[in-house]
Amino acid sequence: MRKSVMLTLAFVACGLTVSFAARDEADAEPHREYGSAAAKAHPAEAKAVLAAANGYWDARMATQVTGGPNFKDAEELHLWSSRLFAAERVLAETEEGEQAAALGHWKRMEQLYHKVKALFDTGTKGGETEKLAAAKYYRAEAELWLVEAGGRVPEDRLE
């Protein structure tokens with residue numbers, strides 16, 4: 001009886017491992033697919049995605065400058081900057097182009113971090129502790145992506 005229970009548990013554990021691995025691969029698939037050779041084979045569509053992402057980013061930044069929601073939506077801005085980075089990366093034809101795309105994303109996340117930090121420092125809405133922590137994470141992630149692309153974080157980075 002004990003052997004059959006142990007054997008059953010071993011089979012269940014193996015099944016769960018395979019199931020989790022398959023789900024992890026499926027979750028990662030859309031991001032991998034977007035930067036694939038298939039996406040590069042459709043430059044007109046990739047340029048349209050880039051233009052749309054740029055348009056959204058510019059509109060959101062204009063809202064912030066005119067006193068909009070005070071960066072309460074850092075997560076949304078991170079998402080759109082990441083989409084913009086992905087579109088630029090798809091269109092990059094050289095390693096330098098990929099580095100430039102990663103640097104652009106880093107600069108946007110650096111800008112976001114400093115705006116949220118300024119709100120935090122003054123105790124203004126939009127600068128809550130969790131928003132500052134998120135902005136720090138977004139900037140750190142962007143730094144990692146920049147380094148992975150072969151670029152370097154600018155030395156004049158502010159803390």
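The model is predicted, so local features need pLDDT of at least 70, side-chain atom pairs count only at pLDDT 80 or more, and totals for chains, interfaces and linings use all residues. Residues are numbered from 1 along each chain as its sequence is written, and side-chain values use heavy atoms, with hydrogens and water left out.

A pair of aromatic rings is described by the distance of the centres and the angle of the planes. Rings of Phe, Tyr and Trp (its six-membered ring) pair if their centres lie within 6.5 Å; planes under 30 degrees apart count as stacked, over 60 as edge-to-face and the rest as tilted. Two aromatic pairs turn up in a search of the whole structure.

| Pair | Centres | Planes | Type |
|---|---|---|---|
| Phe 85 and Trp 145 | 5.6 Å | 20° | stacked |
| Tyr 137 and Tyr 138 | 6.0 Å | 70° | edge-to-face |

Phe 85 belongs to helix α4 (residues 74-91) and Trp 145 to helix α6 (residues 129-148), so their pair ties together parts that are 60 residues apart in sequence. Helices here are DSSP runs (H or I, at least four residues), numbered from the N terminus.

Buried means under 20% relative accessible area, exposed over 50%, and partly exposed in between (1.4 Å probe, protein chains only). Phe 85 is buried at 5%, whereas Trp 145 is partly exposed at 22%. Tyr 138 is buried at 9%, and Tyr 137 is partly exposed at 48%.

A charge sits over a ring if NZ of Lys or CZ of Arg is within 6 Å of the ring centre and within 35 degrees of the ring normal. Arg 83 lies over the face of Trp 80, 4.6 Å from the ring centre. Arg 139 lies over the face of Tyr 113, at 3.9 Å from the ring centre.

Key
Helix = DSSP H or I, 4+ residues; strand = E, 2+ residues; numbered from the N terminus.
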